[in-house]
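Student: I would like to learn how to read a protein structure, feature by feature. Where do we begin?

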Amino acid sequence: PTPTSQVSKPLYLCSPFVEAALVKGNFKTIVMLPKYVDIMEWVAVNIFDFFQNLNMFYGVISECCTQQSCPSMSAGPTLNYTWINQDRKSVQLPAPTYIDYVMTWVQNLLDDENSFPTKSGHDFPASFPSTIKHVYRQLLRVFAHIYHAHYPQILHLRSEPHFNSLFAHFLAFGREYELLDMKDIRGSSNSPTVGIGALWERWKEMGILEG
Amino acid sequence: SKTAAKPADYVYFDRTSAGFSDEAVPRAKAAQLKLEHYYKVAVDAAIERNTRRVELERRLQSDSVMTDERKQRQLVQHGKKESTFLRLRRTKLGLEDFRTVKVIGKGAFGEVRLVQKTDTGKIYAMKTLKKEEMLKKDQLAHVRAERDVLAESNSPWVVQLFYSFQDPAYLYLIMEFLPGGDLMTMLIKYDTFSEDVSRFYMAECVLAIEAVHNLGFIHRDIKPDNILIDKDGHIKLSDFGLSTGFHKNHDSNYYQRLLEQANGATAPTPAQAARNSVMVNSINLTMTSKDQIATWKANRRKLAYSTVGTPDYIAPEIFLQQGYGNECDWWSLGAIMFECLVGYPPFCSETTHETYQKIVHWQYHLVIPEDVHLSREAEDLVKRLITSADRRLKIDQIKAHPFFYGVDWEAIRQIDAPFVPRLRSITDTSYFPTDELEQGPEEPAGGDASDANKDLAFLGYTFKRFTISSQAF
Ligand SMILES: Nc1ncnc2c1ncn2[C@@H]1O[C@H](COP(=O)(O)OP(=O)(O)OP(=O)(O)O)[C@@H](O)[C@H]1O
């Protein structure tokens, strides 16, 4: 409900912020699976790092993400995420609650020796790939919400080069290991591309992300 | 397409921290720094990983004897090792993963314990450093630099660091345990060494100091407490500096202030000061070096534990604030050599202040007691090390000095050491003064929550080494 389309364009899609980056160039060197290395270990440690880093940035702006400011977990006018509760029912939650659930859930998984083994001799469970997919998808939603609802705060705190690079890295990683579902960043297929879907397209044009 | 003109969607955004809590800005800054650190490490690690792989592949390729099957196995093995290292990054080691066997040493910011990793049973030395103390003493730049040296060196002359972690109150360093104790303890036990024995330790120290210099560092605080003895009796330099270097009050300002205070009271002219010292010396001459050794020894360990620390081995140019280079470490070596042969360091005194005075006026105070007999070569080397920085011998001259005649510089670490520790078990601490140390309760149960600033200061402290040994974890 903004008067002109000019104003309604999200800040993160505008110059100079869309170009802001801490890490210049392509992420391939740090995304590619190192030769001879176990793919499970590689994905595990990277997801571990993404979680830590995202958690750190959410911690910075969490004081601005309240039940009042963010009554729903949205990432755009037509993009709303729902949480599946214990009864397997889809529920709407305020963003801070939703994100708290996500972060707690991921932290517990990472700390769980059965899901993310760290001791020598312990192997990854057969369910690991599907666990990773779930984790990736939920972290993506947290990124998406921050872009949609809290980008001005990221700017006020001068963190946009950092946050952009972290997200671009996250996207590049998801693409490489087939964790990224385009539906999650674009919204439903019949509505026009919104939010971070457009960011994805822009970064691809700019050569930050592979096709 | 990029043009000089601003794009149509160029936005001017007024940044302000109004509306944020007081913590938001420092927290954001911390997050930025941490992420910068993260990407720097990520890129470096990718490059290093790549180098390791390429090197192995090249080596295997040029090997015409090894079967393809074995080569394949080596590559798989290599991948396993790299994967283990990645896993190590997710492994959270904490205090609870180690069991204290004994407190074996004490430093200005904490203590050193012999610990056992509970799951593997492996033995390590764990050094604890109290963050608050280090912040107070403004040690941080040092901590980082020193940690980096430890972490990067694979030198046999430097104690290896395997792992470090922190909680809000302490930093923890898990390093290799050197069961032979340190040179200070050995000197307390033996009073003096023969020239042959001294030659061995001095030669090894020369190589160790050279190794540190080659890494691009100046140790600045080499002393017998920092010279550790491994299981075969060879030496390694202890963690230079995580707390050493300028720690405690070894900064020049401190000594400057001490000096001013003293001068303010009595204001002796330089001539007077010199005359006084001559008097002190003449008294010393009536004392046999045996008495001197006894007095020195009685105080030695207390001095090592105190937070003021002993300046006994520090070169004068460090105090004088006229700038210094790595020659200062050769002065320290001279002072240690003097102690090995004579029984106490050349400028030892009742008080730190006096020691400092004597070092600055070393020309008047460097005296080899009459009842100690030194060979001409030994005396000459001491005097060419304990001398002004511009006249001090350089590394090549030191190695070529007649005192070291016959030393095989290439192979000294492989020859038998004069004292090889006799150890009954892997946790034998008989070479450490454990009964003099307070065997306190299981230490540090965390601390108060840290604020963003304090955390920031110790950024990047958590470290895990990539070596064969890291498989231990
Ligand atoms: N890796 C190790 N293995 C065995 N003993 C050690 C090890 N590191 C330190 N120690 C023992 O602990 C003592 C104190 O350690 P260290 O000298 O490193 O402490 P510090 O805080 O640096 O104090 P200082 O700067 O006065 O030496 C040493 O003199 C030595 O006896």
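**The contact between the chains**

Tutor: We begin where the chains meet: 39 residues of chain B and 54 residues of chain A take part in the contact, where contact means heavy atoms within 4.5 Å. This is a predicted model, in which local features need pLDDT of at least 70 and side-chain atom pairs count only at pLDDT 80 or more, while totals for chains, interfaces and linings use all residues. Residues are numbered from 1 along each chain as its sequence is written, chains are lettered from A and ligands numbered from 1 in the order in which they are written, and side-chain values use heavy atoms, with hydrogens and water left out.

Student: What is the area buried between chain B and chain A?

Tutor: The size of an interface is often given as the accessible area lost when the parts come together. Buried area is that loss, found with a 1.4 Å probe and summed over both parts. Here the area is about 4200 Å², and carbon and sulfur atoms give 61% of it. Arg15(B), Arg87(B) and Arg90(B) supply 19% of the area that chain B buries against chain A, more than any other three residues.

Student: How many salt bridges are there between chain B and chain A?

Tutor: A salt bridge is a side-chain nitrogen of Lys or Arg within 4 Å of a carboxyl oxygen of Asp or Glu. The count between the two chains is seven. In the salt bridge of Asp9(B) with Lys9(A), the closest N and O atoms are 2.9 Å apart. There are also 23 residue pairs in polar contact between chain B and chain A, both residues at pLDDT 80 or more. A polar contact is a pair of N or O atoms within 3.5 Å; within protein, one must be able to donate a hydrogen and the other to accept it, and residues adjacent in sequence count only if both atoms are side-chain atoms.

Student: Which element gives the most to the side of chain B that touches chain A?

Tutor: Elements are DSSP runs numbered from the N terminus: helices (H or I, at least four residues) and strands (E, at least two). On this side of chain B, α1(B) gives the most, with 17 residues.

**The cores**

Student: Which residues have the most contacts inside the largest nonpolar core?

Tutor: A nonpolar core is a set of buried Ala, Val, Leu, Ile, Met, Phe, Trp, Tyr and Cys residues joined through side-chain atoms within 4.5 Å. Buried means under 20% relative accessible area, exposed over 50%, and partly exposed in between (1.4 Å probe, protein chains only). The largest core has 86 residues, and Phe167(A) and Trp203(A) have the most contacts inside it. α5(A) gives the most to this core, with 14 residues. Leaving out residues up to four places away in sequence, Phe167(A) touches Leu140(A), Phe143(A), Tyr147(A), Ile196(A), Leu199(A) and Trp203(A).

Student: Where is Ser115(A)?

Tutor: Ser115(A) is in the loop between α4 and α5 of chain A. Ser115(A) counts as buried because its relative accessible area is 14%. Its side chain makes a polar contact of 2.8 Å with that of Asp112(A).

Definitions and conventions
Buried area is the accessible area (1.4 Å probe) that two parts lose on being put together, summed over both.
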